[in-house]
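Hi,

Here is the structure I promised to pass on. Have a look first, and my notes on helix packing and aromatic pairs follow below.

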Amino acid sequence: MPEVIFAGPAGRLEGRYQPSKEKNAPIALILHPHPQFGGTMNNKIVYDLFYMFQSRGFTTLRFNFRGIGRSQGAFDHGTGELSDAAAALDWVQSLHPDSKSCWVAGYSFGAWIGMQLLMRRPEIEGFMSISPQPNLYDFSFLAPCPSSGLIIHGDSDKVAPPSDVQGLVDKLQSQKGITITQKTLPGVNHFYSDTVDLLIEECSDYLDARLRGELSEARPKRLK
């Protein structure tokens, strides 16, 4: 898998990139957990999500937010990291102009960034939000959420309490025109200790269902 360096808004960004053999394959962008709490693109969940998409023929990119690894810049409390994610998607799309659709998957802090990117990029047709933290971050920008997706979390999560995640899910599930799938994993904490394989299995099942045309509604064309 090629190591790549591409231009970001605060300097160079470091990533790992696997192009599909198909020119028009969908793109998947994977976003890592909080940079100030050890989050990097080499987090096991991020790594496994990368290969999950890649094995299904997606052109796939994961990268380090600013200030992590060889990525330049400094932590910017989400604002700069959202710009990094947009630059990463721009970079992949510049190499794959025939790709018409995109997915974004984010874990923890990365889930918050991914959902913001979703609002700004009409080509994103699916998302995976792994252990989002509505107790810490404002998700009110999802008004309405433009795409169907998966929200998955553990019922023993002390970092993102299940009741807070449930409030976000209930709000999104009340919106028309999208299908929000929720998976709550019993006995699982925020870090998926000893349960990463179960998480990836659930995410894989969801992605396979979406690729069969299930768990989503026909989307009207969004204007850029």
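Helix H1 (residues 44–54) packs against helix H5 (residues 196–211) at an angle of about 30°, and their axes are 10 Å apart. With that angle under 35 degrees, H1 is roughly parallel to H5. The crossing of the two, H1 and H5, is right-handed. On the H1 side, the contact is made by Lys44, Ile45, Asp48, Leu49, Met52 and Phe53, while H5 brings in Val196, Leu199, Ile200, Cys203, Ser204 and Leu207. Sorted by class, the contact of H1 with H5 has 9 nonpolar, 1 polar and 2 charged residues. Please keep in mind that this is a predicted model.

Now to the rings. A search of the whole structure turned up 16 aromatic pairs. In one of them, Tyr17 and Trp91 have ring centres 5.0 Å apart and planes at 75°, so the pair is edge-to-face. Tyr17 sits in strand S2 (residues 11–18) and Trp91 in helix H2 (residues 79–95), so this pair links distant parts of the chain, 74 residues apart. Tyr17 is buried, its relative accessible area being 9%.

Another pair is Phe75 with Phe109: the ring centres are 6.2 Å apart and the planes lie at 50°, so this one is tilted. Because Phe75 is in the loop between strand S4 (59–63) and H2, and Phe109 is in helix H3 (residues 109–120), the pair ties together parts that are 34 residues apart in sequence. Phe75 and Phe109 are both buried.

Finally, Tyr17, Trp91, Phe75 and Phe109 belong to one aromatic cluster, which also includes Phe6, Phe63, Phe65, Trp112 and Tyr137.

Best wishes

Methods:
Residues numbered from 1 in each chain as written. Predicted model: local features only at pLDDT ≥ 70, side-chain atom pairs only at ≥ 80, totals over all residues. Heavy atoms only, no water. Axes fitted to C-alpha atoms, helices over the stretch in contact; angles between N-to-C directions. Helix = DSSP H or I, 4+ residues; strand = E, 2+ residues; numbered from the N terminus. Parallel < 35°, antiparallel > 145°, perpendicular 65-115°, else oblique. Left-handed = near helix turned anticlockwise from the far one by under 90°. Contact = heavy atoms within 4.5 Å. Nonpolar A, V, L, I, M, F, W, Y, C, P; charged D, E, K, R; others polar. Phe/Tyr/Trp six-rings, centres within 6.5 Å; stacked < 30°, edge-to-face > 60°. Buried < 20%, exposed > 50% of the residue type's maximum accessible area, 1.4 Å probe, protein only.
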